[in-house]
Amino acid sequence: MSSDEPTVRFGKVTRSTFAIGSHARAESHHHAAGREEVQDQELLEALRELRAELAGRPQSPAVTGINEAIDEAEDEITRTGRAGEGRRARLRERLESAEGITSWISAAAAVAAMLGVGGAS
């Protein structure tokens, strides 16, 4: 590759169709989002709300642990479109060990309910 050739970068290409090169042909076969995908996107939005609420709180080991779990889950959902069961389990564990955080942060309560923490589902 010479230095005169342009650099091509692809961002997120989910649900995209493109073709490159001479005689290239692209076909699209997009399907409606499944229920699990919608739930993961709702979880992602709730996690972002929780992160925003935690930003104004004093740091503690519990808050730090939740922020780390949020970062990991957000990364996984944005990369793959889903939060795997292992990731969900880690989020559940962090919320359960946060000593009542769901009682004083409404976004934490929403995430906890989505993950089934404390018997909620």
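View 1. Asp75 pairs with Arg79 in a salt bridge, and their closest N and O atoms are 2.9 Å apart. (A salt bridge here is a side-chain nitrogen of Lys or Arg within 4 Å of a carboxyl oxygen of Asp or Glu.) Both Asp75 and Arg79 sit in helix α2, four residues apart, which is about one turn of the helix. Asp75 is partly exposed at 38% relative accessibility, while Arg79 is exposed at 57%. (Buried means under 20% relative accessible area, exposed means over 50%, and partly exposed is in between, using a 1.4 Å probe and protein chains only.) Keep in mind that this is a predicted model: local features need pLDDT of at least 70, side-chain atom pairs count only at pLDDT 80 or more, and totals for chains, interfaces and linings use all residues. Residues are numbered from 1 along each chain as its sequence is written, and side-chain values use heavy atoms, with hydrogens and water left out.

**View 2. The whole chain, for orientation.** Of its 121 residues, 26% count as buried.

View 3. Side chains of opposite charge can pair when their charged atoms come close. Asp40 does this with Arg88, with the closest N and O atoms 2.4 Å apart. This pair links distant parts of the chain, since Asp40 is in α1 and Arg88 is in α3, 48 residues apart. Both Asp40 and Arg88 are buried. Next up is Arg51, which forms a salt bridge with Asp71, with the closest N and O atoms 2.6 Å apart. Arg51 lies in α1 and Asp71 in α2, so this pair ties together parts that are 20 residues apart in sequence. Arg51 is partly exposed at 25% relative accessibility, and Asp71 is partly exposed too, at 42%.

**View 4. A network of charges.** Glu68, Glu72, Glu76, Arg87 and Arg90 are linked in a network of salt bridges. Altogether, the structure holds 11 salt bridges.

**View 5. Helix α2 from end to end.** (The expected span is 1.5 Å times one less than the number of residues.) Buried residues of α2 include Ile66, Ile70, Ala73 and Ile77. Just after α2, Gly81 has a positive phi of about 85°.

**View 6. The nonpolar core.** The largest nonpolar core has 24 residues, and Leu47, Leu54 and Val111 are among those with the most contacts inside it. (A nonpolar core is a set of buried Ala, Val, Leu, Ile, Met, Phe, Trp, Tyr and Cys residues joined through side-chain atoms within 4.5 Å.) Helices α1, α2, α3 and α5 each supply at least two residues of this core. Zoom in on Leu47 and you'll find Ile70, Ala73, Ile77, Leu91 and Val111 touching it, not counting residues up to four places away in sequence. (Contact means heavy atoms within 4.5 Å.)

**View 7. One side of helix α5.** The buried residues of α5 (residues 106-115) are Ala107, Ala108, Val111, Ala112 and Leu115. They cover an arc of only 140° around the axis, which puts them on the same side of α5. (The arc is that of the directions from the helix axis to the C-beta atoms.) Gly116 follows α5, and its phi is positive, near 80°.
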